[in-house]
Amino acid sequence: MNITFPTINTPYRPTVPAQTKRTPSASKTRGDYDTVNITRTRTADDEETFARVLARKAAAQLNTAGQDRVQELKAMVADGTYTPDPQRIAGRMLGLG
């Protein structure tokens, strides 16, 4: 038994001629480009970095606990009478207040 398959000469994609390579104009090859120079001058405000300003603002916004409250909490933890409120902790972690 002999099996032959007919060949089809139609390509899957039509042939497309290659694009011609464009050469830049003579003015661009000379180096006729716009330039930007950025320089930073040191000032007295450079000592105030963004991180320091941010840390100072964050510290000012925090409610600082007094030493008496810290001592009270230490005593409660030592006695075993301190029970944290899990709902309040979760709310603070989620930024709910």
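Q: In what order do the elements of the protein run from the N terminus on?
A: This is a predicted model, where local features need pLDDT of at least 70, side-chain atom pairs count only at pLDDT 80 or more, and totals for chains, interfaces and linings use all residues. Residues are numbered from 1 along each chain as its sequence is written, and side-chain values use heavy atoms, with hydrogens and water left out. Helices (H or I, at least four residues) and strands (E, at least two) are DSSP runs, numbered from the N terminus. The protein has 4 helices and 0 strands, and its elements run α-α-α-α.

Q: Which element has the highest mean pLDDT?
A: pLDDT is the predictor's confidence in each residue, from 0 to 100. The protein averages 77, and 68% of the residues score at least 70. H1 has the lowest mean among the elements, 57. Where pLDDT is low, the predicted coordinates should not be read in detail. The highest mean, 90, belongs to helix H4 (residues 86-93).

Q: What percentage of the residues of the protein count as buried?
A: Buried means under 20% relative accessible area, exposed over 50%, and partly exposed in between (1.4 Å probe, protein chains only). In H2, residues 50-61, the count of buried residues is 0. Of the 97 residues of the protein, the buried share is 2%.

Q: How far does H3 reach from its first C-alpha to its last?
A: The expected span of a helix is 1.5 Å times one less than its number of residues. H3 has 13 residues, and 18 Å is expected. The reach in the model is close to that, at 18 Å.

Q: Which side chains meet in a salt bridge?
A: A salt bridge is a side-chain nitrogen of Lys or Arg within 4 Å of a carboxyl oxygen of Asp or Glu. The structure holds 1. Its N to O distance is 3.3 Å, and its partners are Arg 69 and Glu 72.

Q: Why are Arg 69 and Glu 72 separated by about one helical turn?
A: An α-helix has 3.6 residues a turn, so residues three or four places apart point the same way. Arg 69 and Glu 72 both lie in helix H3 (residues 67-79). They are about one turn apart because their separation is 3 residues.

Q: Is Phe 5 buried or exposed?
A: Phe 5 sits in the segment before helix H1 (26-29). With Met 1 and Ile 3, Phe 5 makes a nonpolar surface patch of about 500 Å². Its relative accessible area is 73%, so Phe 5 counts as exposed.

Methods. Patches are made of residues with over 30% relative accessible area and no salt bridge: like charges are joined within 9 Å, nonpolar side chains (Val, Leu, Ile, Met, Phe, Trp, Tyr) within 5 Å. Accessible areas come from the Shrake-Rupley method with a 1.4 Å probe; for residues, only the protein chains shown count as cover.
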